[in-house]
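Thanks for coming. Please keep the structure open while I talk.

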Amino acid sequence: MKKNGFVSTTLIYTFFIIFLALMIFLINSYSKNRFMLNEYKDKIKDSYFTSDNLDLNLYFMVYNEVTKEYELEYNMPKQGYVYKEDYSYCKNGSQIVMEDGKIKVKTSKKDSCYAYFEKEK
């Protein structure tokens, strides 16, 4: 065994190899845990994302003949009004349709939708 001052070269190489193996193990463990953490985050998000807790704002805009403007109403007009599909829209690209006298919104994310109505002629 060749001596290099106080510590032999074999001892230096042994510690270097152990250090290198430990670093490889730690990096591999960190990357695996990071991947698993992201996977768990996605699963948790998907489990909470149901139609029960979907954040959707639906605004009913009704045309006022006196002011010649659309005004916000708190309820959907019952009778005597026509749904204006051309004007109705959602800010984040969801689909808003009227089927069987009911407004239906097809969405998978938070959104604000505006349904426009005018008096029937």
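S5 and S8 run antiparallel and are joined by six bridges. Strands here are DSSP runs of E, at least two residues long, and they are numbered from the N terminus; two strands pair if DSSP finds at least two bridges between them. Within S8, Tyr116 is the bridge partner of Lys84.

Before I go on, the model is predicted: local features need pLDDT of at least 70, side-chain atom pairs count only at pLDDT 80 or more, and totals for chains, interfaces and linings use all residues. Residues are numbered from 1 along each chain as its sequence is written, and side-chain values use heavy atoms, with hydrogens and water left out.

Now the sheet. Four strands make an open sheet with mixed pairing, in the order S4-S3-S8-S5. S4 and S5 stand at its edges; each has a single partner strand, so one side of each has no neighbour in the sheet. On average, neighbouring strands are turned by 30° against each other, direction ignored; the axes are lines fitted to C-alpha atoms, and angles run from 0 to 180 degrees between N-to-C directions.

S6 (residues 95-99) and S7 (residues 102-106) are also antiparallel, with five bridges. Gln95 has Lys106 in S7 as its bridge partner. This hairpin has two residues between the strands, and Asp100 takes a positive phi near 55° there. Lys68 also has a positive phi, near 60°, and lies in the loop between S3 (56-64) and S4 (69-73).

Which residues make up the largest nonpolar core? There are nine: Phe60, Val62, Tyr83, Cys90, Ile96, Ile103, Cys113, Ala115 and Phe117. A nonpolar core is a set of buried Ala, Val, Leu, Ile, Met, Phe, Trp, Tyr and Cys residues joined through side-chain atoms within 4.5 Å. Buried means under 20% relative accessible area, exposed over 50%, and partly exposed in between, with a 1.4 Å probe and protein chains only. S8 gives the most to this core, three residues.

Last, the rings. Tyr63, Tyr70, Tyr87 and Tyr116 are linked into a cluster by ring pairs. Rings of Phe, Tyr and Trp (its six-membered ring) pair if their centres lie within 6.5 Å; planes under 30 degrees apart are stacked, over 60 edge-to-face, and the rest tilted. Tyr70 is partly exposed, at 24% relative accessibility. Its ring centre is 4.8 Å from that of Tyr116 and the planes are at 90°, so the pair is edge-to-face. Tyr116 is buried, at 13%.
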